[in-house]
Amino acid sequence: MHPAGIKALDTGCTDLDLVQGICAQVPHAFELLMRRHNQILYRTARSILRDDTEAEDVVQEAYLLAYRNIDKFRGDAKLSTWLTRIVINEAIARSRKNNRRAKVIRLDGETELNGDPTEANMNESAPESPERAAMRAQARAMLEAKIDQLPDAFRTVFVLRALEEMSVEETATCLDIPEATVRTRFFRARGLLREALSREIDFAFEEAFTFDGERCDRIVAGVLARLKPVE
């Protein structure tokens, strides 16, 4: 591995190169590793803790733990999987310690739900304008809120599969659950999310192009003004 490539944050190096670089104390190797995996680890921690600050703290703690034990990584699994499992363990431990909910999170537990969920597909391709950016921000906030409301056992599976596009096998390894369970929970999570978003859209339909307030007053005043006899 070329040290200069690491120093320049060369994205061409592999994860194994980074591990070797960290073990050899190559400058910036660990920084590149963190920047490469920050998103997946934060999203994973956030899916368990449902708190931005807590998730950031857990990711930092997980990185420190990984750094101290980097020599134990043998490459049997992907580095992202190894790091994700550390984050999951840290996040669950943090949740239990804080005792923020009466029910302890169990990612290996089964949750019974009824219904017949179907898949949803959302695409954004139009040019970005200030108005559209605001709409996207509102839509993202609504989506994040609905993901937060998913059952604990489903939420992390959904984040890993849908947001991070992990394979079924990788997700099962990270969460230490059967692949069949991953498929079931992901399918149900998408159904629950689609149902929740559909309800929000139905409420929005009722309020679309509302005709009250200033608009109503303005039109009425304009018509009345035009009806006044010309003096």
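Helices α4 and α5 are oblique to each other, a label for angles that are not under 35 degrees (roughly parallel), over 145 (roughly antiparallel) or 65 to 115 (roughly perpendicular). This is a predicted model, in which local features need pLDDT of at least 70 and side-chain atom pairs count only at pLDDT 80 or more, while totals for chains, interfaces and linings use all residues. Residues are numbered from 1 along each chain as its sequence is written, and side-chain values use heavy atoms, with hydrogens and water left out.

The axes of α4 (residues 52–68) and α5 (residues 79–98) come within 9 Å and cross at roughly 130 degrees, where axes are lines fitted to C-alpha atoms over the stretch in contact and angles run from 0 to 180 degrees between N-to-C directions. Where contact means heavy atoms within 4.5 Å, residues of α4 including Val-58, Ala-62 and Leu-65 meet residues of α5, among them Trp-82, Ile-86 and Arg-94. The residues of this contact comprise nine nonpolar, one polar and five charged.

Turning to aromatic rings, those of Phe, Tyr and Trp (its six-membered ring) pair if their centres lie within 6.5 Å, with planes under 30 degrees apart counted as stacked, over 60 as edge-to-face and the rest as tilted. The count by this rule is four aromatic pairs. Phe-73 and Trp-82 form a tilted pair, because their centres are 5.4 Å apart and their planes stand at 50 degrees. Phe-158 and Phe-186 are also tilted, at 5.9 Å centre to centre and 40 degrees between the planes; Phe-158 lies in α7 and Phe-186 in α9, so this pair ties together parts 28 residues apart in sequence.

Methods
Helices (H or I, at least four residues) and strands (E, at least two) are DSSP runs, numbered from the N terminus. Ala, Val, Leu, Ile, Met, Phe, Trp, Tyr, Cys and Pro count as nonpolar, Asp, Glu, Lys and Arg as charged, and the others, Gly among them, as polar.
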